[in-house]
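Here are a few friendly notes to read alongside the structure. Take the points one at a time, and keep the picture open while you do.

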Amino acid sequence: MPPHITVEDLRIGWGPVVLMDHVSFQIERGEIFGLLGGSGCGKSTLMRHLIGLERPKGGRVHIEGMGSPADFEGVPPFGVMFQSGALFGSLGLAENLALPLTTWAPARGNVARDLIQAKLDLVGLGPYARHLPGEISGGMKKRAGIARALVLEPELLFLDEPSAGLDPTSAVELDDLIKDLRDALGITVVIVTHELPSIFRVADRCIVLDKAAKGMVAEGDPRELRDHSDVPFVHHFFNRTSPLSSAKES
């Protein structure tokens, strides 16, 4: 079976500025795949290229069955949860979920209502369909964002910092939900994060981006990279140690 996403020699930047270069990796169908790295390394920017919101300076992104996301027309085969859920505060949860249907799908009336309710039930928010985002917790907002990303029943789910800002218990519950959704729906999940406990719990594989290197410095099982990588940046990143501290100790 071909990879679900193929990235080949991607070059990202604006004008004369190159943020990252020579980025190549593949994501298999049904994987939970992490895009990792420190602040400012380009994780969210890379995700925007994967979903076609931005065009690369060079190289290509190919989604199996879709081609280049930047050139695709029609209902996208992916859903996206942006940071903090990105819900419209003046709309109830059901109304937030209705927005993709209004834009992309012909579902109307009872069919649309049943679909929206099913997605809210799927993430444990069935009783909160009429609640405004300001009336629910941070973890519930993330779940609502995931429900909206799933309302078009995509093959791919992109999550931008899903665990950021959550307390440990809520983060674990969200991690469990992500794994359950992957297993139940058979979807591929791509997660942008620097939350290591979450990535160790859920990710099958990942890449690590380094701002100084302007690109990828590692790829593989995050637990294996944590325990066995001989790349200094990767070792420090996964073990939360400082390069300066290591230099002083040596």
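1. Let us begin with a term: two residues are in contact when they have heavy atoms within 4.5 Å of each other. Please also keep in mind that this is a predicted model. With that in hand, look at helices H2 and H4: Leu93, Asn96, Leu97 and Pro100 in H2 meet Ala144, Ala147 and Arg148 in H4. Sorted by type, the residues of this contact are 5 nonpolar, 1 polar and 1 charged.

2. How do H2 and H4 lie relative to each other? Their axes come within 8 Å and cross at roughly 30°. Angles under 35 degrees count as roughly parallel, so H2 and H4 are roughly parallel to each other. The crossing of H2 past H4 is right-handed.

3. Now turn to H2 (residues 93–104) and H3 (residues 109–122), whose axes come within 10 Å and cross at roughly 115°. This crossing, too, is right-handed. On the H2 side the contact is made by Leu93, Ala94, Leu97, Ala98 and Leu101, and on the H3 side by Ala112, Leu115, Ile116, Lys119 and Leu120. Here the count is 9 nonpolar, no polar and 1 charged.

4. Next, the interior. In soluble globular proteins, nonpolar side chains tend to be buried together. In this model the largest nonpolar core has 33 residues, and those with the most contacts inside it are Leu120, Ile146, Leu157, Leu159 and Val189. H2, H3, H4, strand S6 (156–160), helix H5 (168–185) and strand S7 (188–192) each supply at least two of its residues. The largest share, 6 residues, comes from H4. Apart from this core lies another one, of 27 residues, among them Met20, Leu35, Val80 and Leu156.

5. Leaving out residues up to four places away in sequence, Leu120 touches Leu93, Ala94, Leu97, Leu125, Gly126, Ala129 and Ala147. Leu93, Ala94 and Leu97 are part of the H2 side of the contact with H3.

6. Is Leu159 buried or exposed? Leu159 sits in strand S6. Buried means under 20% relative accessible area, so Leu159, at 0% relative accessibility, counts as buried.

7. Finally, see what surrounds Leu159. Not counting residues up to four places away in sequence, Leu159 touches Met81, Ile146, Ile178, Val189, Val190, Ile191 and Val192. With Ile191, the C-alpha atoms are separated by 4.8 Å, although Leu159 and Ile191 are 32 residues apart along the chain.

Technical notes. Residues numbered from 1 in each chain as written. Predicted model: local features only at pLDDT ≥ 70, side-chain atom pairs only at ≥ 80, totals over all residues. Heavy atoms only, no water. Axes fitted to C-alpha atoms, helices over the stretch in contact; angles between N-to-C directions. Helix = DSSP H or I, 4+ residues; strand = E, 2+ residues; numbered from the N terminus. Left-handed = near helix turned anticlockwise from the far one by under 90°. Nonpolar A, V, L, I, M, F, W, Y, C, P; charged D, E, K, R; others polar. Parallel < 35°, antiparallel > 145°, perpendicular 65-115°, else oblique. Core = buried A, V, L, I, M, F, W, Y, C linked by side-chain atoms within 4.5 Å. Buried < 20%, exposed > 50% of the residue type's maximum accessible area, 1.4 Å probe, protein only.
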